[in-house]
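Biologist: I am new to this structure and should be grateful for a guided reading. May we begin once it is in view?

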Amino acid sequence: FATEQQEEVAKMLIAYMKKNGGEIGKTEMGVFANRLHEGEVIKEKGKSPLDKEAVFSYNKRQFYDRILTPMRGMGLIDYDLYKKTYRISDKFNKMMIKIGLMWLREMEKK
């Protein structure tokens, strides 16, 4: 992601999806995006118990364009057209393994 804020939003989305069994519906994704847009999402600052929580806000349209769409494109999140649900996917891992194996084969060639 281009900015730290985008990275934080992506982490928050994955954490939200994990809390909901790794899968959320289209409506729940919209609710998450709206809560981000309205600044209702609270983000913890740091790992220390002394650090305070902060209100976090992110534009709804940019969330879909710069966070969700790239995550779907990379294979981190899948969208099921029939069930209309988003789920955490392992396609990214599989693609990275495949690329790694292709690179090892290329290195072995003379």
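**Helices and core**

Biologist: Against which elements do the buried residues of α3 pack?
Modeller: Helices (H or I, at least four residues) and strands (E, at least two) are DSSP runs, numbered from the N terminus. Buried means under 20% relative accessible area, exposed over 50% and partly exposed in between, with a 1.4 Å probe and protein chains only; contact means heavy atoms within 4.5 Å. In α3, the buried residues are F63, I67, L68 and M71. They pack against α1 (4-19), α2 (26-37), β4 (77-80) and β5 (85-88).

Biologist: What kind of model is this?
Modeller: Residues are numbered from 1 along each chain as its sequence is written, and side-chain values use heavy atoms, without hydrogens and water. Local features need pLDDT of at least 70, side-chain atom pairs count only at pLDDT 80 or more, and totals for chains, interfaces and linings use all residues, for this is a predicted model.

Biologist: How far apart are the end C-alpha atoms of α3?
Modeller: The expected span of a helix is 1.5 Å times one less than its number of residues. The 15 residues of α3 (residues 60-74) should therefore span 21 Å, and this agrees with the distance between the end C-alpha atoms, 20 Å.

Biologist: At which residue does α3 bend?
Modeller: The bend at a residue is the angle between axes fitted to the seven residues ending there and the seven starting there. In α3 this angle is about 30 degrees, a proline, P70, follows within four residues, and the bend is at L68.

Biologist: How wide an arc do the buried residues of α1 cover?
Modeller: The buried residues of α1 are Q6, V9, A10, M12, L13 and M17. The arc is that of the directions from the helix axis to the C-beta atoms. These residues lie on the same side of α1, because they cover an arc of only 160 degrees.

Biologist: Which residues of the largest nonpolar core touch the most other members?
Modeller: A nonpolar core is a set of buried Ala, Val, Leu, Ile, Met, Phe, Trp, Tyr and Cys residues joined through side-chain atoms within 4.5 Å. Among the 20 residues of the largest one, the most other members are touched by L13, L36, F63 and Y86.

Biologist: Which element gives this core its largest share?
Modeller: Two or more residues come from each of α1, α2, α3 and β4. The largest share is five residues, and its source is α1.
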